[in-house]
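The following questions and answers examine one protein model. Please keep the sequence and the structure in view while reading.

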Amino acid sequence: MENHDSARANQLPYRAESSRAANARRQVLAGGAAGFAEVCLMHPLDLIKTRFQVQRGVDDPTRYTSVLDCVRKMYRNEGALSYYKGIVPPLITEAPKRATKFLTFEQFHLTFKQADLPQVYIVYGRVACVVLTFDQPLLLGGAASGIVEGTMIAPFERVKVYLQLQRHKMAQVSDAASMLLYDNVATNMEFTMS
């Protein structure tokens, strides 16, 4: 009986570690699947939003008057695949981005939860006071995972927007990446030479 209990006690740390690894795998898979589904469903709307953001004014010959007008003009002038211009960078980055965000959030949340942070109260009002408390580990975990995500995704977002702005033909990701790299090098060289 004693041997059985000691053997079982030796397995518990392995089981806990195995459970943590399995949980991390689930977080990565869930985040990756969520990111892939999000891009596939929402990219056409993101593209239309980007087109509206960069309109040049009333004199712009490619100006859109409404969302429906944008959808029609894109289909007529650029074809059905135009709604997916610039989708390659988000597809490449969104699954790893969401997987990283899910995983880092959980890890940061657990770390901050174990840190035993002091309770913070926010008080509003003079006469009728409202006291708000918040879950610091949750807030800090979200902030830290957002910083990791933002740092990781910024270069890919720039390539995606460049591709979305190409109105005449389907641009290639490699063209966009090399153009942006050239722009950054040229800008940095001009800045250092001045």
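Q: How many residues apart do E94 and R98 lie in helix α3?
A: The model is predicted, so local features need pLDDT of at least 70 and side-chain atom pairs count only at pLDDT 80 or more, while totals for chains, interfaces and linings use all residues. Residues are numbered from 1 along each chain as its sequence is written, and side-chain values use heavy atoms, with hydrogens and water left out. Helices (H or I, at least four residues) and strands (E, at least two) are DSSP runs, numbered from the N terminus. Within helix α3, about one turn separates E94 from R98, that is, four residues.

Q: What is the N to O distance in the salt bridge of E94 and R98?
A: A salt bridge is a side-chain nitrogen of Lys or Arg within 4 Å of a carboxyl oxygen of Asp or Glu. The side chains of E94 and R98 form such a pair, and the distance from N to O is 3.1 Å.

Q: Is E94 buried or exposed?
A: Buried means under 20% relative accessible area, exposed over 50%, and partly exposed in between (1.4 Å probe, protein chains only). The relative accessible area of E94 is 7%, so E94 is buried.

Q: How many residues apart are E38 and R98?
A: The side chains of E38 and R98 meet in a salt bridge, at 2.8 Å from N to O. This pair links distant parts of the chain, since E38 belongs to helix α1 (residues 2–53) and R98 to helix α3 (residues 88–114), and the separation is 60 residues.

Q: Which of the two classes, buried or partly exposed, applies to E38?
A: R98 has a relative accessible area of 15% and is therefore buried. E38 stands at 33% relative accessibility, so its class is partly exposed.

Q: Which residues are linked in a network of salt bridges?
A: The structure holds 10 salt bridges. Some of them join into a network, whose members are E38, E94, K97, R98, K101 and E149.

Q: Where does helix α4 bend?
A: The bend at a residue is the angle between axes fitted to the seven residues ending there and the seven starting there. Helix α4 spans residues 136–164, and its bend is about 45 degrees. A proline, P155, follows within four residues of the bend, which lies at I153.

Q: How many helices and strands does the protein chain have?
A: From the N terminus on, the elements run α-α-α-β-β-α-α. The protein chain therefore has, by the DSSP runs, five helices and two strands.

Q: What percentage of the residues of the protein chain count as buried?
A: Buried residues of helix α4 include G141, A144 and I153. For the protein chain of 194 residues, the share that counts as buried is 25%.
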